[in-house]
Amino acid sequence: MLSWFAKGKRDLPWRRTRDTYRIWLSEIMLQQTRVAAVIPYYERFLEAFPNVQALARARTDRVLANWAGLGYYSRARNLQHAAKEIVARHGGDFPREYGAALKLPGIGRYTAAAVLSIAYDAPYAVLDGNVARVLARLGAVRGDLRAPAMWRKLEATAQDLLAKKTSGDWNQAMMELGATVCTPKSPRCGECPVEKWCRARKLGIAEELPAVRKKRPTVEITLSAAVLLDPLGRTLLVRQPDGDGALFSRMWQFPALETLGTDTRAALANYLHEKWDVARKDALAPLANSRHSVTFRNVRLEPYLVRVAHLPNTTGVRIVPLSNVRRMSISNATRKIADAAIAGLK
Ligand code: SF4
């Protein structure tokens, strides 16, 4: 595994460093996001915040703006909280102790093991989806790999196999094998460095493993949003609080309503009227709809343009030129709505 990795590993920017900040940043960005998509964000983020101190003292809005487009913004907020703790309590260095690393916001068992092994060769095995698949095939393990008892077993297997003195390279080799050779579909067993030890290969069941998980059913949501516009071309944004149902928590967004019924325009007009006394149903001009997916939610975006003489300037709102909205730290959904409004004005 180690010589296979040394010979053929992909040249990725975070593999050219032992700087814990850079390794940690890459691991956070790579959660839920593909390698190719991460690279430009990673490089831009490091230009803006070249070290943990710069990230710790930055304005959160700026951090989110540099994260915009990657999604799952809680990752960016946790990253900055952790940076502040690292500067305040660990002298600016990512902690070497597994327990201390786990206490940082946004750091779970996988990330702690990944950063400590890659940066310090600390003897902790990683287990992510790629490694779990490799292990399941090597041992011809059936069943749902994400079931808690099964996951614990796989963690123990990963830890047993770990090359403890070169744990960073070993962990990366396991992940690389899963990402490039032992892929979910059509694994390339002929190119695999551990083929002769693989039980699934021997049994001819590599493609059947791991068992397909039951997917959480997709929920369809309609989000009606109001782009209020005053005669100066300014619009109003609100910030949604954190919470389970919050789609774009703590991001600036257009006033919006999750609607289930048929007359979404009337529901949105009522909402605006009750909140700020600004609109009646016929004042809402439909804009182009679009779609947006957030994990298991399939969101239909239904924006409306609402021309008003004055924008309500109450607490918790932000008034900005509509043409500037795109440059703010906003979700992709809000960006799509801003685009629809700008296109609707042409
Ligand atoms: Fe995966 Fe095939 Fe290698 Fe087994 S032999 S670990 S199934 S690539």
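Predicted model: local features only at pLDDT ≥ 70, side-chain atom pairs only at ≥ 80, totals over all residues.
**Overall build**

- The protein has 346 residues, of which 48% count as buried.
- Taken along the principal axes, the box filled by the C-alpha atoms is roughly 75 × 50 × 35 Å.
- When contacts between residues at least 6 apart in sequence are considered, 62% of them join residues at least 24 apart.

- Helix 2 is largely enclosed by the rest of the structure, since 9 of its 11 residues are buried.
- These buried residues are T20, Y21, I23, W24, L25, S26, E27, I28 and M29, and what covers them includes helix 3 (35-48), helix 4 (52-57), helix 5 (60-67), helix 6 and helix 8.
- With helix 6 (residues 74-89) in particular, helix 2 (residues 20-30) forms a pair whose axes come within 10 Å and cross at roughly 160°; because that angle is over 145 degrees, the two helices are roughly antiparallel to each other.
- The crossing of helix 2 and helix 6 is right-handed, and in it W24, L25, I28 and M29 from helix 2 meet R75, L79, A82, A83 and I86 from helix 6.
- Divided by class, the residues in this contact of helix 2 with helix 6 comprise 8 nonpolar, no polar and 1 charged.

**Helix 5 against helix 6**

- Helix 6 also packs with helix 5, where the axes come within 9 Å and the crossing angle is roughly 135°, so that helix 5 and helix 6 are oblique to each other.
- The crossing of helix 5 with helix 6 is right-handed, and the contact is made by T60, V63, L64 and W67 on the side of helix 5 and by R75, A76, R77, L79 and Q80 on the side of helix 6.
- By class, the contact of helix 5 with helix 6 has 5 nonpolar, 2 polar and 2 charged residues.

**Helix 9 against helix 11**

- The axes of helix 9 and helix 11 lie 8 Å apart, and the two helices pack at an angle of about 85°; because this value falls in the range of 65 to 115 degrees, they are roughly perpendicular to each other.
- From helix 9 the contact draws on N130, V131, R133, V134 and L135, and from helix 11 on M174, M175, L177, G178 and A179.
- The residues of this contact between helix 9 and helix 11 divide into 7 nonpolar, 2 polar and 1 charged.

- An open sheet is formed by 3 strands in the order 3-2-8, and their pairing is antiparallel.
- Strand 3 (252-253) and strand 8 (317-321) stand at the edges of this sheet, and each has a single partner strand, so one side of each is left without a neighbour in the sheet.
- Between strand 2 (residues 234-239) and strand 3 the antiparallel pairing runs over 2 bridges, and V238 has Q253 in strand 3 as its bridge partner.

**Backbone details in the loops**

- S186, the residue of the opening question, lies in the loop between helix 11 (167-180) and helix 12, and has a positive phi of about 45° although it is not a glycine.
- D121 likewise is a residue other than glycine with a positive phi, near 55°, and its place is in the loop between helix 8 (109-120) and helix 9 (129-138).
- With a relative accessible area of 27%, D121 is partly exposed.
- L209 and P210 are joined by a cis peptide bond, for which omega is about -5°; P210 belongs to the loop between helix 12 (199-203) and strand 1 (219-229).

Key. Residues numbered from 1 in each chain as written. Heavy atoms only, no water. Axes fitted to C-alpha atoms, helices over the stretch in contact; angles between N-to-C directions. Helix = DSSP H or I, 4+ residues; strand = E, 2+ residues; numbered from the N terminus. Parallel < 35°, antiparallel > 145°, perpendicular 65-115°, else oblique. Left-handed = near helix turned anticlockwise from the far one by under 90°. Contact = heavy atoms within 4.5 Å. Nonpolar A, V, L, I, M, F, W, Y, C, P; charged D, E, K, R; others polar. Pairing = 2+ DSSP bridges. Buried < 20%, exposed > 50% of the residue type's maximum accessible area, 1.4 Å probe, protein only.
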